[in-house]
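Welcome to my notebook. I am writing down what I looked up, one topic at a time, so that you can follow along.

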Amino acid sequence: MEQAQNAVEHRPVFMPKVNSDNLVKTDMVRFERHVGFATRQKKKSINDLQQVIRKKYGFKQVLELSSKSGNKLSFPLSPFSLKITDAHDGNQYSVENAFQASMVFEDGGPYLDLLIVPPRQARKDERLTTSGELTGYNYFGMEWGVEPLTVFYDWLYVNALKQNPQLHEEVMQYQAFTDITFNPKKSIHCAAYALALFVALNKRELLDNIEDPIAFYNLCDEFKISNTEQLLEEGWV
C-alpha cells in the first residue's frame, strides 16, 4: 500500500564545475518521493534521490543539505547555522538572519531586529510579506539590487563558508549538492546552490577578494548561469 501512495517528483542537483563556462551546473532529477511526514519516509526519499544522481552522473559523493540527510555536515552548512562575521560590528549572524534582515521593500525594511531572533522566526516574520514588493537589499549600508536574482544570497553564503575553514576539507570532497526541501516553484534562493558555487570557486582558486561585492558580482558575471530559474523557464515544473 505504501508503494502505491508514493509520488514522482523533480528536484535540482547542483554540480560545481572546474573546466566549464559554468561555475555551477544545475539539472533536474526525477525520483520517487515516499509520502509521509515521518523521518524514515524523508530519508527514503533522500536515498532515492541520491541513488538516481549517482547512477546518472557516476558520482560517489553527493551531499544532501536538509536536516533529514543523516550527514553530520548538513547542520553546520545549513543557512540557519552557518554564520558570517560582519566586518562593521564584528558580530556573527547566521546567513538566514543576515539575509532576511537585509531585505528592502516598497513600504519598509531593512528590518534589522531580525538579525537577533531565531533564524526560523526571521524567515517567517510577517513584515516580509506585508511590506510591498521587494526592491533590493541593504546589508549594513551595502546596497544590492534584486538582479541577478540570487547574487546577494550567494555572496552571503560563500563568504560565511569562507570564514569557516574548518569545514572546507570535508566540503571539497563532494561532487554534487541537493536540498530535497527546496522547491524551485516556490523559492529561488538555495543554500545547496551557493555551496556548490563555493566549491567551484575554491577549486578554481577564485576565492580571493570575494568579500568585495563588486568583485564577487563581476566574477560571477564572467560565467554562464545555470540555475533553477533557467530550468523553470524551459518547462521543468
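**Entry 1: a proline in a loop**

I started at Pro110, which sits in the loop between strand E6 (103-105) and helix H5 (119-123). Helices here (H or I, at least four residues) and strands (E, at least two) are DSSP runs, numbered from the N terminus. The peptide bond that joins Gly109 and Pro110 is cis, with omega about 5°.

Before going on, I noted the ground rules: this is a predicted model, where local features need pLDDT of at least 70, side-chain atom pairs count only at pLDDT 80 or more, and totals for chains, interfaces and linings use all residues. Residues are numbered from 1 along each chain as its sequence is written, and side-chain values use heavy atoms, with hydrogens and water left out.

**Entry 2: another cis bond**

Next I looked at Glu147 and Pro148, which are also joined by a cis peptide bond, with omega about -10°. Pro148 belongs to the loop between strand E8 (142-144) and H7. I kept a reminder beside these entries: most peptide bonds are trans, and most residues other than glycine have a negative phi.

**Entry 3: positive phi**

Which residue other than glycine has a phi near 50°? I found Phe140, and the value is positive. Phe140 is in the loop between strand E7 (134-139) and E8. Its relative accessibility is 29%, so I wrote Phe140 down as partly exposed. For these words I use relative accessible area: buried is under 20%, exposed is over 50%, and partly exposed is in between (1.4 Å probe, protein chains only).

Asn209 is not a glycine either, and its phi is positive at about 70°. I located Asn209 in the loop between helix H9 (191-203) and H10. Asn209 counts as partly exposed because its relative accessibility is 48%.

Then I turned to helix packing. Two packed helices are described by the angle between their axes and the distance between the axes.

How do helix H7 (residues 151-162) and helix H10 (residues 213-221) cross? Their axes come within 11 Å, and the crossing angle is roughly 110°. H7 is therefore roughly perpendicular to H10. The axes are lines fitted to C-alpha atoms, for helices over the stretch in contact, and angles run from 0 to 180 degrees between N-to-C directions. Angles under 35 degrees count as roughly parallel, over 145 as roughly antiparallel, 65 to 115 as roughly perpendicular, and the rest as oblique.

The crossing of H7 and H10 is right-handed. That word applies if the near helix is turned clockwise from the far one by less than a right angle, and left-handed applies if anticlockwise.

From H7, the residues Val151, Asp154, Trp155 and Val158 meet Pro213, Phe216 and Tyr217 of H10. Contact means heavy atoms within 4.5 Å. I sorted the residues of this contact by class and got 6 nonpolar, no polar and 1 charged. Here Ala, Val, Leu, Ile, Met, Phe, Trp, Tyr, Cys and Pro are nonpolar, Asp, Glu, Lys and Arg are charged, and the others, Gly among them, are polar.

**Entry 4: H7 against H9**

I looked up H7 with H9 as well: the axes come within 9 Å and cross at roughly 55°. This makes H7 oblique to H9. The crossing of H7 and H9 is right-handed.

Among the residues of H7 in this contact are Tyr153, Tyr157 and Leu161, and those of H9 include Ala194, Phe198 and Leu201. The contact of H7 with H9 divides into 11 nonpolar, no polar and 2 charged residues.

**Entry 5: cysteines**

How many disulfides does a search of the whole structure find? I got 0, taking a disulfide as a pair of cysteine sulfur atoms within 2.5 Å. For Cys190, the nearest cysteine sulfur is that of Cys220, 15 Å away. Cys190 is buried, with a relative accessible area of 4%, and Cys220 is buried at 12%.

**Entry 6: two more residues**

Is Ile46 buried or exposed? Its relative accessibility is 2%, so Ile46 counts as buried. Ile46 is part of helix H2 (residues 39-57). Leaving out residues up to four places away in sequence, I listed its contacts as Glu64, Ser66, Lys68, Ser69 and Ile180.

Lastly, I found Val8 in strand E1 (residues 7-16). With residues up to four places away in sequence left out, Val8 touches Arg30 and Phe31.
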